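Subject: Structure handover

Hello,

Here is the structure you asked to have passed on. My notes on what was found follow directly below.

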Amino acid sequence: MLVNIHLHYLTWIILFLLSIQVQAQAPVWSLEDCIDTALSHNKTIQIAQNQGKIARLKNQEANAQLLPKLFFQGDYRYFTELPYQLMPQSAFGGPEGVFREVQFGVPHNVSANLSLKMPLYDPQVMGSIKASQTFQELSLLQEAKTKEQVYLEVANLYYNAQILKNQLAFIRENLVNSRKLEKNTRLLYEQTLAQRTDWDKVLLQNQQLESSVTQVESRYETVLNALKFVMGLPLHSPIDVALDISQTEKEAGSTRSTLDERVQEKKQQLALQELSTLRHSKIPSLSLIGNYGRTGFGYTGNPESFLNFYPVSFVGVQLSVPLFNGTVTNKKVNQKKIEVQNSQLQQELITEQAHMAYQNASLQSQVAENLLHTSQQQIDLAVSVYQKTLIQQQEGMVSLTEVLLADNALRDAQQQYLNVLVDYLKANLERKKNSGNLLN
């Protein structure tokens with residue numbers, strides 16, 4: 001009975017510890033999961049989306065310039081001194097060229113008017129509408145470019161985390177081998193078949209590997225924190241990356257214009273529209289105008305006080321013709337021409353850079369892909385050599401120096417593999433970016 005109770009408690013403790021271990025294990029996120037989360041929660045993308053909303057509202061604001069404008073104006077004036085006017089005496093039968101001052105009006109004047117103005121044709125307004133539409137399209141491209149930058153940042157951090165995780169796996173595997181070597185060397189030392197310095201060398205190597213494990217683990221956590229920050233997740237969120245790195249990713253779709261090229265193209269289009277608007281500023285504008293109001297005249301005094309209102313209204317069209325504003329417009333036109341020229345040169349430069357970067361990335365990707373297979377074979381060969389050398393060292397056929405040389409060769413092969421893998425992943429990202437297919 002007592003044995004059964006102990007077994008029951010032992011089973012409960014084991015299950016409890018296993019549950020804690022399962023809870024402590026962070027979930028493994030794929031690269032696609034990280035990118036999708038970043039595209040939904042990254043604050044830089046949210047800022048870019050808000051900029052797009054502002055651009056859309058600016059376009060609506062520009063279109064609203066075509067709607068009628070209605071104004072209300074009202075005022076009250078009390079004349080402490082009535083205005084004077086000169087009347088020709090000839091109007092009353094007097095001599096020509098003789099005038100008499102006369103005060104007109106009443107002290108109290110009240111007016112209230114509704115004024116209407118609607119542009120019928122205004123080249124400035126039409127130009128601003130086209131420019132705002134282009135600016136809205138540009139903001140959408142800027143938002144896509146921000147998403148592309150976040151994509152690259154997430155992918156680079158994710159790949160860095162995977163590289164560090166693989167490096168950590170290599171170091172731990174090397175540490176296991178080194179501990180076996182330390183055990184063998186200690187046994188040889190106890191049998192007086194090895195020197196104390198040999199044992200110390202292996203102990204020092206173990207300590208160095210243990211320190212490397214701590215350093216790589218710290219760097220790994222740092223990269224994960226940066227990845228969570230870019231994804232928009234709290235830093236305390238548990239997250240892990242996959243150990244296996246996909247090496248079968250191929251270019252998706254055909255080559256197309258990059259976002260940088262399309263952004264520059266829209267900038268050039270915007271500059272051309274601004275130049276056209278400046279040139280059209282010399283064209284007359286036509287507006288429909290109207291007014292309805294009432295004017296009140298009042299008098300307080302003897303023999304009779306009054307306040308009478310009289311209507312006033314009109315409709316018509318207003319033509320505005322710019323005649324001369326100095327040379328301001330001409331100077332602005334000349335400046336804008338140079339901006340358009342620079343924009344064209346910038347677009348050509350970006351296109352050439354993208355083409356060159358794509359060609360270089362494709363070449364680097366092909367070279368790295370070929371080297372990956374060779375590097376993996378070198379690791380397998382280095383492992384085989386190390387294991388055989390370790391067995392020979394146990395049998396006293398080789399010295400510790402040869403074992404350490406084999407161990408160094410294995411580490412070099414592992415590091416070479418990781419370096420080639422970094423080049424391969426980086427080249428793939430560059431190739432997709434400069435082919436315009438990164439977000440597809």
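For the charge count, Lys and Arg are taken as positive and Asp and Glu as negative, while His and the chain ends are left out. On that basis the protein chain carries 39 positive and 41 negative charges, and their mean positions lie 6 Å apart. Please keep in mind that this is a predicted model.

Overall form

The protein chain has eight helices and eight strands. Its radius of gyration is 42 Å, well over the 22 Å that the globule rule gives for 440 residues, so the chain is more spread out than a compact globule. The C-alpha trace spans about 150 × 70 × 40 Å along the principal axes. Of the 440 residues, 34% count as buried. The exposed surface comes to about 27400 Å², of which carbon and sulfur atoms supply 57%. Among contacts with a separation of 6 or more, 81% are between residues 24 or more positions apart.

Helix 6 covers residues 259–280. Its 22 residues should span 32 Å at 1.5 Å a residue, and the end C-alpha atoms are 31 Å apart, which agrees. The buried residues of this helix include L259, E261, V263, Q264, K266 and Q268. Further along, L270, A271, Q273, L275, T277 and L278 are buried too. What do the buried residues of helix 6 pack against? They pack against helix 4 (123–190) and helix 7 (328–394).

With a relative accessible area of 16%, Q347 is buried, because the cut-off for buried is under 20%. Leaving out residues up to four places away in sequence, Q347 touches E261, Q264, E265 and Q268.

T255 sits in the loop between strand 6 (240–241) and helix 6. Is T255 buried or partly exposed? Its relative accessible area is 48%, so T255 is partly exposed. Beyond its neighbours within four places in sequence, T255 is in contact with Y358, S435 and N437. The C-alpha atoms of T255 and R431 are separated by 9.7 Å, although the two are 176 residues apart along the chain.

Helix 8 and what follows

Helix 8 takes in residues 400–434. Its 35 residues reach 51 Å from the first C-alpha to the last, close to the 51 Å expected at 1.5 Å a residue. G436 follows helix 8 and has a positive phi, near 75°.

Strands and a cis bond

S115 belongs to strand 5 (residues 108–121). At 17% relative accessibility, S115 counts as buried. Which residues does S115 touch, not counting those up to four places away in sequence? They are K69, L70, F71, Q73, G290 and N291. A55 is 60 residues from S115 in sequence, and their C-alpha atoms are 31 Å apart in space.

The last item is the peptide bond from N302 to P303, which is cis, with omega near 5°. P303 is placed in the loop between strand 7 (285–299) and strand 8 (306–320).

Regards

How values were computed. Residues are numbered from 1 along each chain as its sequence is written. This is a predicted model: local features need pLDDT of at least 70, side-chain atom pairs count only at pLDDT 80 or more; totals for chains, interfaces and linings use all residues. Side-chain values use heavy atoms; hydrogens and water are left out. Helices (H or I, at least four residues) and strands (E, at least two) are DSSP runs, numbered from the N terminus. The expected span of a helix is 1.5 Å times one less than its number of residues. Buried means under 20% relative accessible area, exposed over 50%, partly exposed in between (1.4 Å probe, protein chains only). Contact means heavy atoms within 4.5 Å. The radius of gyration is taken over C-alpha atoms; the globule rule is 2.2 Å times the number of residues to the power 0.38. Accessible areas come from the Shrake-Rupley method with a 1.4 Å probe; for residues, only the protein chains shown count as cover. The place of a charge is taken as NZ of Lys, CZ of Arg, CG of Asp or CD of Glu.
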